[in-house]
Protein chains: 2
Amino acid sequence: MSLDSSSLDSSFRLSSRMAGLRSSAIRDLLTLTARPDVISLAGGLPATELVPRERITHAAQRALADPRSVQYGETSGWAPLRETIAARESEKVGRRIAPAEVVVTHGSQQALSLLAQVLLDPGDTVVVEEPGYTGALQVFRTAQAVLVPVALDADGMDVEALERSLREGLRPKVVHTVSNFHNPRGVVLSAERRVHLAALADRYGFWIIEDDPYGELWFDAPAPAPVAAHSDRVLRLSSGSKTLAPALRIGWLHGDRRVCEAVELLKQGADLCGSSLTQQIATELLDDSAWLAAHLTTVRGAYAARAGALVDALETAFGERISHATVHGGMFCWIEFADGVDTTALLQTAVEHDVAYVPGGAFGVTSTHPHAARLCFATYDGAVLAEGVDRLRRAYDAFSGTAAPRAN
Amino acid sequence: MSLDSSSLDSSFRLSSRMAGLRSSAIRDLLTLTARPDVISLAGGLPATELVPRERITHAAQRALADPRSVQYGETSGWAPLRETIAARESEKVGRRIAPAEVVVTHGSQQALSLLAQVLLDPGDTVVVEEPGYTGALQVFRTAQAVLVPVALDADGMDVEALERSLREGLRPKVVHTVSNFHNPRGVVLSAERRVHLAALADRYGFWIIEDDPYGELWFDAPAPAPVAAHSDRVLRLSSGSKTLAPALRIGWLHGDRRVCEAVELLKQGADLCGSSLTQQIATELLDDSAWLAAHLTTVRGAYAARAGALVDALETAFGERISHATVHGGMFCWIEFADGVDTTALLQTAVEHDVAYVPGGAFGVTSTHPHAARLCFATYDGAVLAEGVDRLRRAYDAFSGTAAPRAN
């Protein structure tokens, strides 16, 4: 969707920030592929059947027994939830986080959006990952920041390359990183690079936004300690959307208290406060440590199996025609076609074959990633994923005009 | 709360929009008066005991039987809710509103905040009411707009005065009005002025934001048809917060389709989407017309009784010392002290006497309303309101250094 501002007469015009702003390609695609017969590997939807609906129903009933659950709440969040988050994050970063250093937001996307407004003036430089999370790119573009991409490899953001740019004079206000199980690349920022990135922030005086919605979704071993463990210039975001339920709309920010105060101040104008009801539900779920541990074990196991099924199906169907990153957690697998097929062009054919993915270009800053695609393995079970890959192979054959024998 | 930016070294600095931005005085006051022994007439909280918690519990159970209730939803809102809102608003404005002309937001405050970003560039002129809704003033100030106040009288915004300014060359991008049961003044924009204001928007080419969270809370008769009935330059906001429950965080915008698309686009970056769960709950409640009609009758009756109790108590305690607007609905009563007492100065003494209100100055644009105060009658029953007024009178006596005999 692009805005048809040209059809507005001058008195109907919109603000200048709307000029050229475009809808997330992913979200438009989600609309296009809402037909139930499409296997959409494009979305970023957690597995609906793994969302603990019974536990949420129980928690909702308990919450609604408390009259405060239906009333307005504090802008910074339900106090017991801030305490719970502060305790959990303290454990992760290895130092005490006070509840005053936590703001509960309407999903971590709201934290990102408010942080951009709190930290950035038009023209400020923001370092982003290439490819990068589209929701972050959109927020920084809306803030009229100058985006400077830094490449990713199997160990996450190329911090050495960032350091070279800093030495050459780059002075970002913010560096944004999805440190764990990157969206879209699936990679994890290595422990060494976390320490290095934190040291660069201290030396060159920029903020790090450590955007971590996927950190709990590890398969074999937890990710290294957060970047926030190594510097107080880190504003760390996380979320209950991938572990509890997207519809609770519970995300959070922790970090510098003055930044938290500024975020809270803007949140007053943005939406007054979050939902006391869903915040109370989230509190009960996060506080029930035995249940939560078992639930996360279930989700991790299911996602590991799904990632394995997707990768097996891809290898069977495409063999050497594609390469893919090894998946250690999260929700996404990034593939690249070795034979130069253009994934944006292929998409139309794929949708005709009732399968969808996100072309790499959607995540591009200055690169277009023309041969890459992001596939989500979280939403469907292994059988459906295999069928999706089968359709993708048929689409690929039709698109390439070949009826080549299958790789295996 | 003001931000202590001066203590941030230059690399810790915030964006320029944070400079001078201050927290809503009302919300800080709510924090100050959270002690249970304070009768706070300062807040804008609907009566907790009138929020239909049982009905919401039932609706939550039903919603949670549907797996879609826990998943991400469309940015513009749960489709059946948009249809319900479109149907209800169609009836109000007397023409067919399509669901595509509705965006569900995280409270109507989010609609206001996104509209400001969609419509306003820094330096644009926004006409606001004097005194005005603090949440709107904050949003427009954050957007770095130039605020031009227009006075209110017993018939709402002085549209004749606005027309004079327009004739003299004023060219606002937006005119904001709380048309029904004004916050803080309690007044209703007259039917004639609605027609007049709409005609001015058409003639001079500005947007009207008709901010209407209180319209359903009428005591004796419904308010006149919305301003949106008279022009397609009206962006009309309303909310379930005052009629269903604040914690559902359900607000909405309807109006020009291109503006709705732009709001949806910014909402993607702001928070991706609302809560499918609370949107499904709200849909069930709004669709249950028999229940809703009975519920609204109950709330209207209770609020009318409370408004009456507050006004009676004020007249008994203060007699000619105060004047007050006649209250026909909503949640607020605006009073002015005839003897020149400064309500900002009085507040400290009032809080010492365990009663709070909002001084008029909090709502001021260029005026300070030094002798005025906003009292909310919605939160407490008549007996508590009377006790609150009693405390206010004792505080007033202590502040004035008098032990004058009571007016009656």
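This is a predicted model: local features need pLDDT of at least 70, side-chain atom pairs count only at pLDDT 80 or more; totals for chains, interfaces and linings use all residues.

Student: How long is helix α12 of chain A, and what span is expected for it?

Tutor: Helix α12(A) covers residues 382–400, which is 19 residues. From first C-alpha to last it reaches 26 Å, close to the 27 Å expected at 1.5 Å a residue.

Student: Which residues of α12(A) are buried, and what covers them?

Tutor: The buried residues are A:Leu385, A:Gly388, A:Val389, A:Arg391, A:Leu392, A:Arg393, A:Ala395, A:Tyr396 and A:Asp397. Their cover includes the helices α10 (289–318) and α11 (343–352) of chain A, together with the strands β1 (39–40), β11 (332–337), β12 (355–356) and β14 of chain A.

Student: Which salt bridge links A:Glu216 to another part of chain A?

Tutor: The side chain of A:Glu216 meets that of A:Arg88 at 3.1 Å, N to O. A:Glu216 is in the loop between β7 (207–211) and β8 (234–239) of chain A, whereas A:Arg88 is in helix α3 (residues 79–93) of chain A; the two are 128 residues apart. Since buried means under 20% relative accessible area, A:Glu216 counts as buried at 18%. A:Arg88, at 25%, is partly exposed.

Student: What does the salt bridge between A:Arg193 and A:Asp153 tie together?

Tutor: These side chains meet at 2.8 Å, N to O. Because A:Arg193 lies in helix α7 (residues 191–204) of chain A and A:Asp153 in strand β4 (residues 146–153) of chain A, the pair ties together parts that are 40 residues apart in sequence. A:Arg193 is buried, with 9% relative accessibility, while A:Asp153 is partly exposed at 29%.

Student: Which residues of chain A are linked in a network of salt bridges?

Tutor: The network links A:Arg55, A:Arg62, A:Glu284 and A:Asp288.

Student: In what order do the eight strands of the open sheet in chain B stand?

Tutor: Strands of a sheet pair through backbone hydrogen bonds, either parallel or antiparallel. In chain B the order is β2-β9-β8-β7-β6-β3-β4-β5, with mixed pairing. The edge strands are β2 (102–106) and β5 (156–157) of chain B, each with a single partner strand, so one side of each is left without a neighbour in the sheet.

Student: Which helices of chain B pack on that sheet?

Tutor: Helix α3 (residues 79–93) of chain B touches β2, β8 (234–239) and β9 (250–254) of chain B, and its direction makes about 115 degrees with that of β2(B). Helix α8 (residues 257–271) of chain B touches β2, β7 (207–211), β8 and β9 of chain B, at about 30 degrees to β2(B).

Student: In what sense do β3 and β6 of chain B pair?

Tutor: Strand β3 (residues 125–130) and strand β6 (residues 174–177) of chain B pair in the parallel sense, over two bridges. In this pairing B:Val127 stands opposite B:Val175.

Student: Where is the peptide bond from A:Glu130 to A:Pro131, and is it cis or trans?

Tutor: Most residues other than glycine have a negative phi, and most peptide bonds are trans. The bond from A:Glu130 to A:Pro131 is cis, with omega near 0 degrees. A:Pro131 lies in the loop between β3 (125–130) and α5 (134–142) of chain A.

Student: What is the phi of A:His369?

Tutor: Phi of A:His369 is near 45 degrees, a positive value in a residue other than glycine. A:His369 sits in the loop between β13 (358–359) and β14 (372–376) of chain A, and is buried at 16% relative accessibility.

Methods: Residues are numbered from 1 along each chain as its sequence is written. Chains are lettered from A and ligands numbered from 1 in the order in which they are written. Side-chain values use heavy atoms; hydrogens and water are left out. Two strands pair if DSSP finds at least two bridges between them. Helices (H or I, at least four residues) and strands (E, at least two) are DSSP runs, numbered from the N terminus. Contact means heavy atoms within 4.5 Å. Axes are lines fitted to C-alpha atoms, for helices over the stretch in contact, and angles run from 0 to 180 degrees between N-to-C directions. Buried means under 20% relative accessible area, exposed over 50%, partly exposed in between (1.4 Å probe, protein chains only). The expected span of a helix is 1.5 Å times one less than its number of residues. A salt bridge is a side-chain nitrogen of Lys or Arg within 4 Å of a carboxyl oxygen of Asp or Glu.
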